[in-house]
Amino acid sequence: MEDKDIEMCRTIAKTIFKNVETLLKGQIGNPKAGEFVKIGADGTPTSYIDIIAENEVIKILENAEFTSYLISEEIGELKLGCGKQEHINLKEELKKDIRDQNDAKFIFLIDPLDGTSNAIKNIPSYGMSIAVAEIPYRREATLNDVILGFVKDYANGNYYEAIKGQGATINGEPLNPSKETEIDKITLGGFTKSKTDAVSKLVDTARRMRVLGSVVLELAYVASGKYDSFLDLRGSRIIDIAASKLIVEECGAIVTNRYGEELDNKLSIYEKTVVVAAGNKTLHKKIIKIINNDDLDQIKRVGIVSRVDEYKSILFSLKIFETLLNKGVDLIIESSLAEALDKLKNDPNLNNIVKDTMQATPEIAYYLNDLNWDFDFKKYSVDLNEFNTELVVILGGDGTFLRAQNQIKKQIPIFGINMGTVGFLTEIEVENTFKALDKILEGDCYKENRTQIMVSHENNTFRALNEVVIMTARPAKMLHYEITVDGEVIEELRSDGLIIATPSGSTAYSMSAGGPILDPKVPGFIIIPICPYKLGVRPFVVSNESEIRIRLLKRGKKAIYVMDGQIEQEVNYMEELIFKKSEKEVEFIRLNNKYFYKKVTDKLTIGGIDIINRAL
């Protein structure tokens with residue numbers, strides 16, 4: 001942006017601040033100013049005082065000598081300037097060729113009054129924010145396009161300003177964010193959801209907590225050092241944080257989502273994001289770990305599990321073993337893997353096996369050079385059901401992953417490296433292994449808990465991460481059964497079988513049988529008949545707090561039920577299978593929270609099948 005454009009936007013912003021402040025003087029502390037007028041474009045109630053502020057913004061931009069776009073809390077999205085005003089859909093508008101946009105110069109994101117309730121009650125915590133973004137060429141605008149940020153604290157007169165790449169100031173002076181790094185010494189501001197257990201530790205540990213009711217100002221307080229940290233776990237609107245975010249970043253402080261990732265949300269009246277800000281990187285990193293319930297800072301003991309039917313997996317597991325050992329990590333190896341490594345170590349054809357594997361799998365060939373075989377693998381050998389570590393690294397596909405987590409008795413965080421066909425449950429592809437492990441050892445990761453389903457039958461109980469499948473014990477025969485949920489019969493039918501799936505399992509057998517795909521965060525189970533002999537039967541999605549019962553109704557017909565394709569049991573006539581949410585969850589280690597829908601696209605669009613070389 002040219003200097004003349006910066007000065008023009010600064011002048012517009014200061015004019016808006018001044019005029020709105022003058023109009024508000026007669027409304028501050030006036031109960032009538034808080035009277036409900038309408039539901040705003042963002043879906044929240046609009047008060048009379050909000051309308052006064054926004055109308056002044058619109059008037060000033062409408063009479064400007066240039067055309068711009070406006071995103072504002074109450075009225076929504078407008079194109080205005082040169083005496084004109086037009087309601088628009090910004091997303092559609094930006095798709096047009098720039099020559100068809102009437103030479104619009106900027107996108108303004110304005111919260112005309114943040115802290116409305118405070119202003120109505122004359123509580124001195126309310127202000128206004130104006131962010132200015134450049135117009136991208138034929139794509140949606142995001143927070144990264146914001147180049148100017150202006151915030152006015154009406155209660156004390158402070159004026160904040162930031163120019164992208166040029167720093168940030170308060171009343172013309174440089175901002176100095178906090179250098180405090182100890183949680184028990186910080187002043188923490190923000191909003192937390194009720195019953196948010198992950199944050200209780202942070203709130204309890206912080207020296208003091210402030211909730212002032214103005215995201216715009218409180219985020220700016222991180223930049224000025226008044227707050228050491230600020231978080232909004234409810235989700236802040238983009239129009240509220242666009243200016244303050246730039247101010248925070250330009251003064252050298254940090255603001256991200258709850259997973260420590262850059263905020264690059266779309267510029268939209270509807271867009272929201274969780275906000276976590278801190279005066280410095282060290283403090284920010286500590287807060288991110290606490291709110292994500294991340295206890296992985298000190299990983300001292302790691303277990304390694306691998307498929308053992310492919311040379312590439314066995315050899316690569318050795319490289320991981322050697323690397324972690326050199327980093328001072330205490331290691332154990334699944335007994336079957338230790339046996340496979342020991343056998344391969346003594347194979348007279350070892351050099352040729354390694355050479356052939358390197359040629360067949362170029363993505364890991366570099367790591368198979370100069371493997372160190374000088375280990376007594378039996379010394380590190382432990383059965384899966386005896387694993388007691390702080391992390392389990394699993395090499396393989398979904399089958400290996402399910403086998404391992406099913407046999408591990410303790411609730412241990414699991415990190416999956418895809419060396420299978422689809423690998424939907426795994427976290428990374430094999431070529432990213434060592435960068436990922438470095439991040440994990442540094443604590444730059446977080447946990448995601450996945451629900452399991454528990455099935456009870458007679459005196460036995462089993463758990464499944466993906467699904468439990470009930471099918472006839474005899475091929476080409478149908479089952480006749482009754483399904484009840486919380487004591488209410490929802491269906492009686494005949495079919496080839498039945499699937500009870502978790503959200504994790506919604507992308508597996510359940511999906512192939514016509515079931516819906518559930519986001520892992522959805523607290524539900526899927527009940528889906530397999531090839532039912534009845535018109536109109538559809539899958540059910542029920543609460544994972546419900547109790548599901550399945551009872552066989554046909555005398556003389558046995559069935560089997562299979563947990564995650566790993567454990568198979570028999571069920572007879574009139575016996576019941578009872579399904580409930582398991583108290584034990586599966587802990588996944590994640591490096592990025594934006595993985596699920598990308599995996600659905602990448603791995604399921606073409607069936608998740610690729611040409612995979614195998615060296616057996």
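How are helix 6 and helix 7 oriented to each other, roughly parallel or roughly antiparallel? In this predicted model, local features need pLDDT of at least 70 and side-chain atom pairs count only at pLDDT 80 or more, while totals for chains, interfaces and linings use all residues. Residues are numbered from 1 along each chain as its sequence is written, and side-chain values use heavy atoms, with hydrogens and water left out.

Helix 6 (residues 215-224) and helix 7 (residues 238-250) pack at an angle of about 5°, their axes 8 Å apart. The two helices are therefore roughly parallel to each other (angles under 35 degrees count as such). On the helix 6 side, the contact (heavy atoms within 4.5 Å) is made by V215, V216, L219, A220 and A223; helix 7 brings D240, I241, S244, K245, I247 and V248.

Strand 32 is joined by five bridges to strand 26 (residues 467-472), and the two run antiparallel; here M563 is the bridge partner of V468. Five bridges also join strand 32 to strand 33 (residues 567-571), again antiparallel, and A559 has V571 as its bridge partner. Strands 32 and 33 form a hairpin with three residues between them, and D564 in the turn has a positive phi of about 55°.

Definitions and conventions. Axes fitted to C-alpha atoms, helices over the stretch in contact; angles between N-to-C directions. Helix = DSSP H or I, 4+ residues; strand = E, 2+ residues; numbered from the N terminus. Parallel < 35°, antiparallel > 145°, perpendicular 65-115°, else oblique. Pairing = 2+ DSSP bridges.
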